[in-house]
Structures are given as C-alpha cells and as structure tokens.
Amino acid sequence: MSDNTGQDTGIDRFRLAMDASGVGMAVVDLQGRWLEVNPAFERIFGYQAAEIVGTAAAALTHPDDVAMSQSFLRGLVDGQIPALDAQKRYVHRNGETIWAHVNVSVVRDGAGMASYLLVQVRDISAQHAAELALKARAEAEHAARYAANHQLQLFADAVAHDLRAPLRSIESFSALLADRASDRLDETDRDYLARMRAAASRMSGLLSALNDLAYVTRTELKPVDVDLSLLADWVGAELQDAEPQRRADIRVQPSLHAWGDERLLKLMLAQLMGNAWKFSREREPIRIRVSGRREGRIVQLEIRDEGIGFDMRYAHKLFEPFQRLHGPDQGGGHGLGLAIVRRIAERHHGSVRADSSPESGATFTLELPAQALVEESADA
Amino acid sequence: MHKEILLVEDNPDDVELTRIAFDEAKIANRLVIVNDGAEALDYLFARGKYADRDPDDLPSIMLLDLNLPKVDGREVLQAVRANEATRTLPVVVLTTSAEPFDVEASYALGVNSYIQKPVDFEQFVWAVKQVGLYWLVLNHPRTA
C-alpha cells in the first residue's frame, strides 16, 4: 500500500470489480494486444488469461468481421468515434462462432492521449440463435399461408367454374320451357318455373361472391395513396346509374385519403354503399353519408344510411360469412358481402364495426392506415 | 356461299343453347360441332375421321371452349396459330372462366376475342348473337 491511498484504493476497487463482473472485460493496448482479461472473459472465450495476454486481440475475432473491427478501432483511437457499441463475431477456443455484443471505449491519460482500450463483451449467441429461429418460423408460416391461399384460390376457381355451367343449363332451359309451353302452363306452373330461375340467379350471385372472397384473400396488395372520396363518388354514381328512377342524396366528404390497394378499397366501398342503398329501399330519397377523419396514423371512415338498420343483438354475426340478418324481402342477400368487407379491412391491418338501431339506419366505421407503415413487408 | 362455324364444346347443354341462339339470330351458316380438342384439330387439318375434308375449306370462325377433354382449348389455339394454313383463322374463346390467367394466356396465344359465357340465358343468347353477327356479317373475312 503506497502513500497515495486514494489512487491505490481506486485501482484496487476497479480490479476487484473487474474480477467480479459478469460481463467479459478486457484491457487492450494500442498495439492491439490483450493486456488483461477478467474471469468472465475467460469463460466466454474458453481461454485462460495466461494463454492470451500479450497476443493479438484480432486473433479472436471471426475472420469475416476482422476488417470491420479494425476500421472501427482505428476511428476510435483517432477520436473520430467516441465509443464503439456493436455486435460482432468472435471465435471460441474450440472453434465455434460466438455472437457478442461489444462495447469498446478509449482510456485516456491526464493529457487526453489514448493509453489503452477497455473492451466489454457479452455473449449473445443464445439470443441470436433464438432470433434466427423466430425468423425462420415466421418465413415458414408465411410460406404455408401463401400455399394455403393458393389452394383456396384453386378450389374457388374450380368450384365456380364447375358450378356455373350446370347453373346456366338450369336457368336457360327453365326460361326456354316457360317460353315454349306458355300456352299450356297455368299460373302455378309459371310460378314454379320463375322460382327455379330466381334460385339459379341467386346461386350465380353466391358463386360470384365466393369468387370475390377468395380473390380478396389471396391477391397481392398494391398499396398506394388512395383518394377515398373519389372512389366513393364513383360508387355513388354507379349505384344511381343502376336505378336512375330512384331519388338519392349521397354526400361524400372531400379529400379523404388512405394508404392501401385501390381495387380492394373500391370493392369494399361498393359493398358498404351498396348495402346502404339496398337497405334504404323504403326511403325516399335514399340518403347515404360518407365522412371521415384522420387520427394519427389511422384514418377513420364512416358510411351512414337511414335505412331499416339491424338489431344490435345480432351485431356479432354481421361479418361472419353466410350469416344474414335480413330475409330476401327485406333486401337480404347471400350473407358474404360483409365477410368480404372485413377481409379487406384485415388485409389492410385495419378494422370494421357496425352500429344501428332498427328503422334508424346503420353506421359502418372503418379504420384504415392513413400512410405507409415504416416497415412495409409482404402482407399476411 | 356460307362457310361453316366450328363450335368446339364438350357440354351438350351449351351446344344446344348455342344452336338456339344462332337460330334466334337467324344466322344461316351451318354449325359444325366437335366435342374435344383432338377432334377440333382433326377437323381443321383434315385428318383422322375428317380425312375426306378439303383442308383449304376452313370454317369462317371457331368458337372455342377452353376446358375440353383430351386436348384443351389452349393447346388447340396454340396448334392453330402455329400452322400456316390456320394461322389467321378467327378464333373466339367462349368459356366459363374469366380468370385473368386464362384471359392473359389466350391473348398471348393469339385469340381474336374472349367471351365469358353468362349464366343468365337471355344474356347468353345475346352474347352468342353478337359474336355471330360481328364475325359473320360485319367482319370482312380474308379472301380464300
């Protein structure tokens, strides 16, 4: 123990701390040689201190990371980089690769000249392996989902195609029969034939909807900035064109934008506004309101009508495929429209919900991304 | 002189409906019906059971379903476009599917027109009439 007790106590304390630390610590001279290493360091690398003190520190670095390490160290010593905190690979005594998190700082003397380097190392091999496994699993899941969607599309295509032909036969020959036998048929006969044609027509609509659902599930998204107001105006015009005799009051808030696939968003609006129109059958004029607002990274869109509405007790069924809350005489369809809407919302990482009270109309609220996400990766 | 219409269709109901539609449209051309792709090619190239045909006597148009037994519509189209004698034969695909894949493939193989068969009878009749009137009345054929 010297007279300068403060300094010696400090050095002793540091030495004790270094020995006790669970983090691998080492002191490296400016020629790049290990001067001191702590027990934790010995455990990480598999070497005894005596074996490596005096040897080149770069020898323990994985060959692929040597060049990078050298340039960083040069920058550190020259003062260009204040500290080095990075991940790199080392090589264990037994030859295996060690993934490590490294922090290197320069120890300077009183005059500010670099004296040596302090290296602190944490073995993150286990975390690194876990990350790789996670990424591999995510990729496998993505591939499986892609394959499943592909199978779904093939199935939907086959079903739609193979069902359409016989459907056409049923529809056509009923019509031909009604025509050819019109003199010989009574009211009831004609009614039966009409039901056959109507059933075939409903089935045709159902096949188209199934096709849409499969398409919406499987198609690759092409996200762009979409002018929702323009799309809603367009859908409104199409609805009016289809029934020019109906009076309609469709108001769309201008300048509504979202980030997404234009075709799918148009399909979604067509479905929602089409429903609004359909369930306002009894109303004169048909009133539909499309409005929205930006809330941070999300745009909230509302489609409101003043039609017959629905019973909120069954709201949970609304977006399920094939669930219908209205019979055909009330305007009910095949029960797939809202399932398609929900699927489109999901593919945009958004959501849809509905509110209503019978005879007061319904409000469908959509949440969609307002702008591209920072990491725009291949969509689920 | 009225040249024939070659209908390549395996569904007997669709054959009947097409015939009815041409009748309604008062199209006088004779409808030749083959039920699979192999027979279509035999007819066009005057071989097999059609060896007695004059190979220069080609139909005015070929209405082609894509989903056929033996040799499917795409292969028929490919063979027709690859042969000098039939390369410019007007071909109208008349099929159930409107999948982009099928449409793209057909145009890539050189089809003149692609029509999806409607499920609704009246629309089907209307579509067939349009095709007939366009290709047989309005369109000026290649001089033999």
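Predicted model: local features only at pLDDT ≥ 70, side-chain atom pairs only at ≥ 80, totals over all residues.
Visitor: Hi! Before we look around, what counts as a helix or a strand here?
Guide: Both are DSSP runs, numbered from the N terminus: a helix is H or I over at least four residues, and a strand is E over at least two.

Visitor: Good to know. So where does E306(A) lie?
Guide: E306(A) is in the loop that runs between β10 (298-305) and α9 of chain A.

Visitor: And is E306(A) buried, partly exposed or exposed?
Guide: Partly exposed, with a relative accessibility of 41%.

Visitor: Which residues is E306(A) in contact with, leaving aside its neighbours within four places in sequence?
Guide: There are S280(A), R283(A) and R287(A), and also S360(A) and G361(A).

Visitor: You mentioned α9. How do α6 and α9 of chain A pack?
Guide: Helix α6(A) covers residues 187-218 and helix α9(A) residues 337-347; their angle is about 5 degrees and their axes are 9 Å apart. That is why α6(A) and α9(A) are called roughly parallel.

Visitor: Which residues make the contact?
Guide: From α6(A) come A209(A), D212(A), L213(A), V216(A), T217(A) and R218(A), while α9(A) brings A339(A), I340(A), R343(A), I344(A) and R347(A).

Visitor: How does that set divide into nonpolar, polar and charged?
Guide: In the contact of α6(A) with α9(A), six are nonpolar, one is polar and four are charged.

Visitor: Let's hop over to chain B. How do α2 and α3 pack there?
Guide: Helix α2(B), residues 37-44, and helix α3(B), residues 73-82, meet at an angle of about 20 degrees, with 9 Å between their axes. Angles under 35 degrees count as roughly parallel, so α2(B) and α3(B) are roughly parallel to each other.

Visitor: Is the crossing left-handed or right-handed?
Guide: The crossing of α2(B) and α3(B) is right-handed.

Visitor: Who meets whom in α2(B) and α3(B)?
Guide: On the α2(B) side we have G37(B), A40(B), L41(B) and L44(B); on the α3(B) side, V76(B), A79(B) and V80(B). The contact of α2(B) with α3(B) has six nonpolar residues, one polar residue and no charged ones.

Visitor: While we're here, what does chain B look like overall?
Guide: From the N terminus on, its elements go β-α-β-α-β-α-β-α-β-α, with five helices and five strands. Chain B has 144 residues, and 51% of them count as buried.

Visitor: How many helices and strands does chain A have?
Guide: Chain A has nine helices and twelve strands. Of its 380 residues, 37% are buried. Taking contacts in chain A with a separation of 6 or more, 61% come from residues 24 or more positions apart.

Visitor: New topic: aromatics. How many aromatic pairs does the structure hold?
Guide: Seven, over all chains. One of them is F41(A) with F45(A), which is stacked, at 4.3 Å centre to centre and 25 degrees between the planes.

Visitor: Where do F41(A) and F45(A) sit along the helix?
Guide: They are four residues apart in helix α2 (residues 39-45) of chain A, so about one helical turn separates F41(A) from F45(A). F41(A) is buried at 0% relative accessible area, and F45(A) is buried at 0% as well.

Visitor: Why is the pair of F45(A) and Y90(A) edge-to-face?
Guide: Because the planes of F45(A) and Y90(A) stand at 80 degrees, with the ring centres 4.9 Å apart; planes over 60 degrees apart count as edge-to-face. F45(A) is in helix α2 of chain A and Y90(A) in strand β3 (residues 84-91), so this pair ties together parts 45 residues apart in sequence.

Visitor: Which residues form the aromatic cluster?
Guide: W34(A), F41(A), F45(A) and Y90(A) make up one cluster.

Visitor: Last stop, L117(A). Where is L117(A) found?
Guide: L117(A) is in strand β5 (residues 114-123) of chain A. It counts as buried, at 5% relative accessibility.

Visitor: And which residues is L117(A) in contact with, beyond four places in sequence?
Guide: Its contacts are A26(A), V27(A), V28(A), L73(A), L76(A), V77(A), V104(A), S105(A) and V106(A). L117(A) and L73(A) are 44 residues apart in sequence, with 9.2 Å from C-alpha to C-alpha.

How values were computed. Residues numbered from 1 in each chain as written. Chains lettered and ligands numbered in written order. Heavy atoms only, no water. Axes fitted to C-alpha atoms, helices over the stretch in contact; angles between N-to-C directions. Parallel < 35°, antiparallel > 145°, perpendicular 65-115°, else oblique. Left-handed = near helix turned anticlockwise from the far one by under 90°. Contact = heavy atoms within 4.5 Å. Nonpolar A, V, L, I, M, F, W, Y, C, P; charged D, E, K, R; others polar. Phe/Tyr/Trp six-rings, centres within 6.5 Å; stacked < 30°, edge-to-face > 60°. Buried < 20%, exposed > 50% of the residue type's maximum accessible area, 1.4 Å probe, protein only.
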